[in-house]
Amino acid sequence: MSGDDIVQVLKYLLSAGGPLAVLAVLIFLFPEQSQKWWGFFLRSLHNHGVSVPGLHKAYTRHVFQGEVNSFIRSNCDTIPGVTAMPVKMVYVDAATASKKAILQDNSVVIRIKKDDPRDKSFVHAVCLYVEKCLLFKAKRYISEPQGKATELLVSMKILESEPLAIRDYFLEDHLHPILDKKTKTASLFSDLKLIDNHNIFFRLYLRELNFLGESVFMDRRDQRIHDDVDRLIQFLKSFCLREIGSDDMDPYVAGTYCKFSVVIVGKKLKLDVHGATPYANHIKNKLLPNGVNTVYLLSGTTPEQVQEVAKQVESDYETLGLESYTTTLYWRTSEGKRKSRKASNRMMVLRRKNRPLVETNYSAPDPDDSTPG
Amino acid sequence: MAHSALRAVHDDDLVGLLEKLDLKEQFDRGELRCRFCEDVISWDNLHALFPESGTIRVVCDKKDCRHRMVQKLDHNLQVS
C-alpha cells in the first residue's frame with residue numbers, strides 16, 4: 001500500500017468514524033510504535049510533575065517494550081527464533097511473586113528505581129535484555145570481545161532515539177569505559193559500527209551469528225570459531241570500504257570451521273560475458289563439497305543476475321530471500337580523490353538443503369583459478 | 001503469541017516483595033549483602049535479585065557486580 005493510499009484510507013476513516021477510528025487503526029497497524037508514543041506521552045507527563053500513582057511504573061514499561069519491540073520489528077524481523085520475539089516487561093510484586101516461583105523460573109528480577117532522573121534502570125534493563133535474550137543465541141560460540149562489541153552496538157542502537165540524559169548515561173557507564181581502553185573489544189566495536197553504517201550488520205553479520213548459535217559442533221574448537229568470525233568481520237569491513245574498480249580484496253570469504261561463505265557477485269565484465277555460471281560453479285564445486293550451509297551473495301548488480309546464481313544452485317541451496325539495501329560506494333577520481341555516493345545493493349541468502357544436525361570438521365576450499373570475481 | 005519476558009520490580013512494590021521473599025528483616029537490620037562485593041544492600045544500591053543454589057541473592061548497583069551477575073546468568077531470559 002502506497003503512502004497516498006494510506007492517506008486516502010485515513011481520510012475516509014476520519015470522515016466515517018472520527019479521530020478515534022483513525023487512532024484505533026494506527027494502533028492496529030503500528031502496535032510497537034503506538035506503545036512507544038504512549039510511553040513517551042506518559043514520561044512527558046511525569047517529567048512535567050504530574051503526580052499519578054503508577055505513572056512512572058507504567059511509562060517505564062511502555063517505553064521499554066515500545067523501544068525494544070520497534071527495534072526488533074525494524075531490524076530483526078528476518079532473523080528467526082527468539083531474536084524476532086517481542087518482549088514484555090513483567091512487573092513482580094508481593095501479590096504475584098513467590099520465592100518458589102522465582103527459583104523455579106530461574107529468572108532475574110531487575111529493580112526499576114522511581115527516583116531516577118537519568119532513567120538508569122531503563123538503560124540497565126535494555127542492556128540486560130540485549131545480552132541475555134536478544135543476543136543469547138548469537139553469542140553462544142563467539143569470543144568475549146566479539147560478544148561484547150556486538151552487545152554494545154545493539155544496545156546503542158536501541159537507545160539512540162532516547163533523550164540525551166539517557167544516552168549520556170549509556171555512553172558513560174557502558175561505552176566509553178570500553179572504547180577508552182583501546183582493547184580488542186573497542187576495535188571490533190568500531191568495525192561493527194562501520195558495517196552497520198553500510199546496512200549489513202543485522203541482515204548478514206547478526207543473521208550468521210544466529211545460524212552459528214543454532215549449530216551443534218561434534219568437535220568444538222572455540223578458537224577456530226573466533227578466528228572465522230574475526231575473518232568475517234574483516235571481510236565485511238573491506239567490502240564496505242572497497243573502491244569501485246579496485247582489485248584489492250578477495251571476492252569471497254569462507255569459514256574454515258564455521259559453515260558460512262560470503263561471495264561478492266560483482267565483476268561487470270565477468271557477468272556480462274559469462275553470466276552467473278562462474279559464481280554458481282564456485283558454490284557447487286568449492287563450497288558445497290566443503291559443507292557450507294549458508295552462502296551470502298553480495299552484489300551491486302541487478303536482482304535478476306543475483307537470482308540467476310541462486311537458480312543454478314537450487315538443487316542444493318534454497319533461497320531465503322533477496323534483499324535490497326542502501327549502502328555507500330567509493331571510487332577514485334582521475335586526480336586521485338576519494339569520492340562517495342549512496343547506491344542500492346543486493347544481498348541474497350542461500351541455505352543448504354539437507355543440512356546435517358551435527359557439524360563435523362571442515363577445511364576451507366583451496367584458492368585456485370576457479371574462484372569467482 | 002510467544003514472547004520473551006524481562007522480570008522487574010518497581011520501587012512501589014519493592015518493600016512488599018522483600019517481605020514476601022523473607023528478606024525484609026535482614027534488609028532492615030543491614031544484614032543483606034551483595035552476592036559479589038559483600039557491601040551492605042541499602043535502598044540506594046539494590047540493583048537486582050536472582051536465584052542461586054536454591055536461595056534468592058541480591059546484587060548492588062556497582063558496575064563490576066552488575067557485570068558479574070550477568071556473567072553468572074548462563075541462561076536465556078524467560079521465554080513464555
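Contact here means heavy atoms within 4.5 Å. Keep that in mind for chain A: of its contacts with a separation of 6 or more, 73% are between residues 24 or more positions apart.

Some ground rules. This is a predicted model, where local features need pLDDT of at least 70, side-chain atom pairs count only at pLDDT 80 or more, and totals for chains, interfaces and linings use all residues. Residues are numbered from 1 along each chain as its sequence is written, chains are lettered from A and ligands numbered from 1 in the order in which they are written, and side-chain values use heavy atoms, with hydrogens and water left out.

Let's stay with chain A. It has 14 helices and 7 strands. Those are DSSP runs, numbered from the N terminus: helices are H or I with at least four residues, strands are E with at least two. The C-alpha trace of chain A spans about 75 × 55 × 50 Å along its principal axes. Chain A has 373 residues, and 49% of them count as buried. Buried means under 20% relative accessible area, exposed means over 50%, and partly exposed is in between, with a 1.4 Å probe and protein chains only.

Next, surface and charge. Chain A exposes about 17700 Å², and carbon and sulfur atoms supply 54% of that. The areas come from the Shrake-Rupley method with a 1.4 Å probe; for residues, only the protein chains shown count as cover. Chain A carries 51 positive and 44 negative side chains, and the centres of the two sets lie 3 Å apart. Lys and Arg count as positive, Asp and Glu as negative; His and the chain ends are not counted. Each charge is placed at NZ of Lys, CZ of Arg, CG of Asp or CD of Glu.

Now chain B. From the N terminus on, its elements run β-α-α-β-β-α. That comes to 3 helices and 3 strands. The C-alpha atoms of chain B fill a box of roughly 45 × 25 × 25 Å, taken along the principal axes. Chain B has 80 residues, and buried ones make up 51%. Residues 24 or more positions apart account for 37% of its contacts with a separation of 6 or more. The accessible surface of chain B is about 3900 Å², with 44% belonging to carbon and sulfur atoms. Chain B has 12 positive and 15 negative charges, and their mean positions are 6 Å apart.

On to the rings. How many aromatic pairs are there over all chains? The count comes to 6. Phe64(A) and Tyr129(A) make an edge-to-face pair, because their ring centres are 6.2 Å apart and their planes stand at 85 degrees. The rule covers rings of Phe, Tyr and Trp (its six-membered ring) with centres within 6.5 Å; planes under 30 degrees apart are stacked, over 60 edge-to-face, and the rest tilted. Phe64(A) lies in helix 4 (residues 55-75) of chain A and Tyr129(A) in helix 6 (residues 120-134) of chain A, so the pair ties together parts 65 residues apart in sequence. Both Phe64(A) and Tyr129(A) are buried.

Phe201(A) and Phe202(A) also pair edge-to-face, at 4.9 Å centre to centre and 85 degrees between the planes. Phe201(A) and Phe202(A) are buried too. One aromatic cluster is formed by Phe71(A), Phe201(A), Phe202(A) and Tyr205(A).

Rings also meet charges. The charged end of Arg43(A) sits over the ring of Phe122(A), 6.0 Å from its centre. The charged end of Arg242(A) sits over the ring of Phe239(A), 4.0 Å from its centre. Sitting over a ring means that NZ of Lys or CZ of Arg is within 6 Å of the ring centre and within 35 degrees of the ring normal.

Where do the two chains touch? Take Val109(A), found in strand 2 (residues 109-112) of chain A. Is Val109(A) buried or exposed? Val109(A) counts as buried, because its relative accessibility is 1%. Leaving out residues up to four places away in sequence, Val109(A) touches Val92(A), Ile102(A), Arg7(B), Ala8(B), Val9(B), Ala48(B) and Leu49(B). Val92(A) is 17 residues from Val109(A) in sequence and 7.9 Å away in space, C-alpha to C-alpha.

Last, two backbone angles. Asn199(A) is not a glycine, yet has a positive phi of about 65 degrees. Asn199(A) is in the loop between helix 9 (184-197) and helix 10 (201-214) of chain A. Its relative accessible area is 33%, so Asn199(A) is partly exposed. In chain B, Glu38(B) has a positive phi near 65 degrees, again in a residue other than glycine. Glu38(B) is in the loop between helix 2 (24-29) and strand 2 (46-52) of chain B. Glu38(B) counts as exposed, because its relative accessibility is 52%.
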